[in-house]
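Keep the viewer open as you read.

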Amino acid sequence: MIFYGGDYTPEQWPEEVWPRDVELMREAGVNLVSLGMFNWALLEPEPGVYTFEWLDRVLELLHGADIRVDLGTPSAAPPPWFARRNPGARLVDRAGHVLGQGGRQSFCPSAPEYAAAAANIADQLGRRYGAHPALALWHVHNEFAGVNAHCYCETCAAAFRDWLRGRHGDLATLNAAWGTAFWGQRYGDWAEIEPPRLAPTAVNPAQQLDYLRFCSDTHLANYRRERDVLRGHSPRVPITTNFMIANCKWLDYWKWAGEVDIVANDHYLASERADRHVELAMCADLTRSLAGGAPWLLMEHSTSAVNWQPRNIAKRPGELARNSLAHVARGADGVMFFQWRASRFGAEKFHSAMLPQAGTGTRIWREVTELGARLAGLGELRGTRVAADVAVVWDWEAWWALELEWRPSVDVTFRERVEAYYARLWEANLTVDFVHPEAALGRYPLVVVPSLYLTTAAAAKNFDAYVSGGGTLVVSYFSGIVDANDTVPDGAYPGALRELLGLTVEEFLPLPAGSTVTLSDGSTADVWTEDVHLAGARAVVSYVDGSPAITRHERGSGAAWYVSTRLHDEFLGRLLRRVCAEAGLAPADLPSTVELVRRPPFAVAINHGAEPVRVHGRDVPAGEVLVFREEA
């Protein structure tokens, strides 16, 4: 059975509406709903006073209809009484402004008052519902760090100092790691260290990087606290929280992935992008990779338009099913929407839903019920694993470090390069696993490193062993530049990678806005070039002055390629096809509008075009998805 449903908010509706909701859920094929993520003020209207009876009735209605529940803890939205009683637990921005209430996640993640209150309401829920027969899954919080990723209050300052003691041990080690000899920043007492608050100029980048680590770890500690409370009441019920792969830069999900029983993700299309289906595929592949290749859960996406983008573009007929099944193709064993019934008030009243404000006589409702029926027939897919061809390296810490202030070019960003390489692999119908830079790589014939400005010694050693053992590695520019403390290693760029790549970079040569270069093979590029000197590698393509632009270095029984410029898409695709051929990968010969993903023994063909296509002897109509069993 593929899970199907969405966020259910019965508290927004009169109780007489609830039976009709459940009736319509059954009509739509819903078998799982998320419930309770924002109900703290209703469940605990004043400290220590609990009103669970209404939630009891909702759970009984759902259970009577054989609809399972993903029950949330409401810690993402503390009630107004919490802020009034605990003014020191309010969120403080980098400029020192105390932020107001009236939204969600308006609390300091380090506040001990918040930790105690959140653990308490989780405990109350666990005691009451831990053995409820409708309970399928616990859902801790909602979108951790969605709007309160960083707080700069005095409570956070003290917690940061404690975290630093754990990481560095003593001040001498910290001063060395942070390079505090620069600008006379040496610390002589722990009390002198502050969060990287707004300052007259750029704040020490190593300090900023450590603060980002601290903040991610703080949110993770909050998740663990609630999880462990719930585990004590229902040890056999899986526990998760919803990641935000597309929109949350600030959590290191590699660390989080091992802490959840099921990896779950929220994904919303960047609706104005022409290649939004490729971005969807990338986020689905990254989510599956965080799950270690195991099936995962799409916790939220939209039936049509969202409400928070600059221009909220509605999905066209067929797109709801196509998007949903694309996630299933890439490993999701559940498809959930925000939300079940469209709200009439509040900040998200213009967000689409499974049951629109216009009711059941709508195209959206028809497509929702059609998708439910279709998913009900795909139960054999459940538990199967996606077959991947290529690994792409992704690292949140490298992303953070790359995009701090005062880098050689503002045009060099992490996701831009990752998405560029991913899109070219998608066009070749090669399925991607994302990997941490220190993860095992041996099973992949090709590993791509689109952006790894921060490269640890362990990562460099890992890449070297992979190539020496026969692997093919492609590394893009401005990688290997600094270590985990944002310090440039001794010697020439690219630091930890120069021996593996067989070259040095004497100087970065970023280009002015709008400038392009033409290479010796006719390729064109922009944004970035480098002064590359060979030290064992050979030049495959050169700049017009004859200096190396793209290189290849044989090492052991493998090869490491280096791309020192931002190739335009057509030429990056051409290069990757050449590298794939060297690695023994044969891109599928399919129309450019088609993606084909394998979940053996099944395959899923998705036609994004306006014309029917033929895939492996089967017809796939325009805009449609075909799931079929592969021939033995």
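Which hand does the crossing of H10 and H11 have? It's right-handed. Keep in mind that you are looking at a predicted model. Helix H10 covers residues 276-290 and helix H11 covers residues 319-329, and the two pack at an angle of about 30° with their axes 9 Å apart. That angle makes H10 roughly parallel to H11, since anything under 35 degrees counts as roughly parallel. On the H10 side, the residues that touch are Arg276, Leu280 and Ala284, and they meet Glu319, Asn323, Ala326 and His327 in H11. Sorted by class, this contact has 3 nonpolar, 2 polar and 2 charged residues.

Now go back towards the start of the chain. Helix H1 (residues 18-28) packs with helix H3 (residues 53-64) at an angle of about 30°, and here the axes are 10 Å apart. H1 is therefore roughly parallel to H3, and their crossing is right-handed. H1 brings Trp18, Pro19, Val22 and Met25 to the contact, while H3 brings Trp54, Arg57, Val58, Leu61 and Leu62. The class count for H1 with H3 is 8 nonpolar, no polar and 1 charged.

H3 has another partner to look at. Helix H5 (residues 112-129) packs with H3 at an angle of about 45°, with the axes 12 Å apart. With that angle, H3 and H5 are therefore oblique to each other. Their crossing is right-handed. Glu53, Leu55, Asp56 and Leu59 of H3 make the contact with Leu125, Arg128 and Tyr129 of H5. By class, the residues where H3 meets H5 split into 4 nonpolar, no polar and 3 charged.

The model has 39 aromatic pairs in total, counting ring centres within 6.5 Å. One of them joins Tyr4 and Phe337 in an edge-to-face arrangement, 6.2 Å centre to centre with 80° between the planes. Tyr4 belongs to strand E1 (residues 3-8) and Phe337 to strand E9, so the pair ties together parts that are 333 residues apart in sequence.

E15 and strand E16 (residues 524-526) are antiparallel and share 3 bridges, and Val517 stands opposite Ala525 in E16.

For a hairpin, go to E18 and E19, which have 5 residues between them. Strand E18 (residues 538-542) and strand E19 (residues 548-555) run antiparallel and are joined by 4 bridges. Ser542 has Pro548 in E19 as its bridge partner. In the turn, Gly546 has a positive phi of about 95°.

Most residues other than glycine have a negative phi, and most peptide bonds are trans. Where does Phe478 lie? It lies in the loop between strand E13 (472-476) and helix H16 (498-501). Phe478 is not a glycine, yet it has a positive phi of about 60°. As for peptide bonds, the one from Phe338 to Gln339 is cis, with omega near 15°. Gln339 sits in the loop between E9 and helix H12 (363-376). Another cis bond runs from Pro600 to Pro601, with omega near 10°. You'll find Pro601 in the loop between strand E22 (594-599) and strand E23 (602-607).

Notes: Residues numbered from 1 in each chain as written. Predicted model: local features only at pLDDT ≥ 70, side-chain atom pairs only at ≥ 80, totals over all residues. Heavy atoms only, no water. Axes fitted to C-alpha atoms, helices over the stretch in contact; angles between N-to-C directions. Parallel < 35°, antiparallel > 145°, perpendicular 65-115°, else oblique. Left-handed = near helix turned anticlockwise from the far one by under 90°. Contact = heavy atoms within 4.5 Å. Nonpolar A, V, L, I, M, F, W, Y, C, P; charged D, E, K, R; others polar. Pairing = 2+ DSSP bridges. Phe/Tyr/Trp six-rings, centres within 6.5 Å; stacked < 30°, edge-to-face > 60°.
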